[in-house]
Amino acid sequence: MPEIITLRTDRLIITDLNYGDLDFIHVLHLNPEVQKYATLDIPESIDESKDYLRKYMEQQSCSPRKEYGFSISLVNQEPIGLIGLSNGLNKFKNAELWFKLHPGYWGKGYITEAALLLLKFGFERLLLHRIEAGVATENIASIRVLEKIGMQKEGIRRKILPIRGEWKDNFHYAVLEDDFIQIH
């Protein structure tokens, strides 16, 4: 039986995805506001959402894990978002941070709080050296989150994101373990 990872703040519970999260994942991915800057297309059926969830569920039994997918919930409530880390090659000790939040919870600091907790998890528990994030150059809210959590803009990748039939530019952000320890 795989270990189920649960992380907490005063306001949030971040826990490994499970099959009970399927309906929430599907509804979240159907929301055009949530998917506006995502490369993942809006699912045509719940089967696509099952495939998405299955990828993270299968990784819970792997050692080492390449994918960490978590639900974000307010304490004692239903999920409000998703967050995760996708690991690169072990020798590079890096991962990519990603997140999505239901629009009803935007602007309340939940993603910043969850992302800081995931950075701490990545550096302290997974012993990562570097955590990266890519963000569409038009996605001002996510850019703010990345900067609030101490990530630095390292550059731009031109026309790399396939979003709804258009190629979009992407800012590349990263934070190193040493930077994170000094800041937090």
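**Terms and values**

Author: About 150 Å³ of space lies in the second largest pocket. This is a predicted model, in which local features need pLDDT of at least 70 and side-chain atom pairs count only at pLDDT 80 or more, while totals for chains, interfaces and linings use all residues. Residues are numbered from 1 along each chain as its sequence is written, and side-chain values use heavy atoms, with hydrogens and water left out.

Reader: What makes a space a pocket, and which residues line the second largest pocket?

Author: A pocket is an open set of points, on a 1 Å grid over the protein atoms alone, where a 1.4 Å probe fits and protein lies on both sides within 12 Å along at least five of seven lines; lining residues have an atom within 4 Å of a point. Grid points are joined across faces, edges and corners, and the volume is the space filled by probe spheres set on them. The lining of the second largest pocket includes Pro64, Arg65, Tyr68 and Leu126, and its residues divide into six nonpolar, four polar and two charged. Here Ala, Val, Leu, Ile, Met, Phe, Trp, Tyr, Cys and Pro count as nonpolar, Asp, Glu, Lys and Arg as charged, and the others, Gly among them, as polar.

Reader: How much space lies in the largest pocket, and which residues are closest to its centre?

Author: The largest pocket holds about 1200 Å³ of space. It is lined by 41 residues, of which Tyr37, Phe99, Lys100, Asn139 and Ser142 are the closest to its centre. By class, this lining has 20 nonpolar, 10 polar and 11 charged residues.

Reader: What is noted about the peptide bond from Ser63 to Pro64?

Author: That bond is cis, with omega near 0 degrees, and Pro64 lies in the loop between α3 and β3 (67–74). Most peptide bonds are trans. Helices (H or I, at least four residues) and strands (E, at least two) are DSSP runs, numbered from the N terminus; the chain has six helices and eight strands.

Reader: How do you know whether the chain is as compact as a globular protein of its length?

Author: The radius of gyration, taken over C-alpha atoms, is set against the globule rule, 2.2 Å times the number of residues to the power 0.38. The chain gives 16 Å, close to the 16 Å of the rule for 184 residues, so it is as compact as a globular protein of that length.

Reader: What else is known of Lys159 and Arg164?

Author: Lys159, in strand β7, has a positive phi of about 45 degrees although it is not a glycine. Arg164, in the loop between β7 and β8, likewise has a positive phi of about 45 degrees without being a glycine. Most residues other than glycine have a negative phi.

Reader: Which residues are in contact with Ile46, beyond its neighbours within four places in sequence?

Author: Contact means heavy atoms within 4.5 Å. Ile46, found in helix α3, is in contact with Leu22, Asp23 and His26. Of these, Leu22 and His26 are among the buried residues of helix α1 (residues 22–30).

Methods
Buried < 20%, exposed > 50% of the residue type's maximum accessible area, 1.4 Å probe, protein only.
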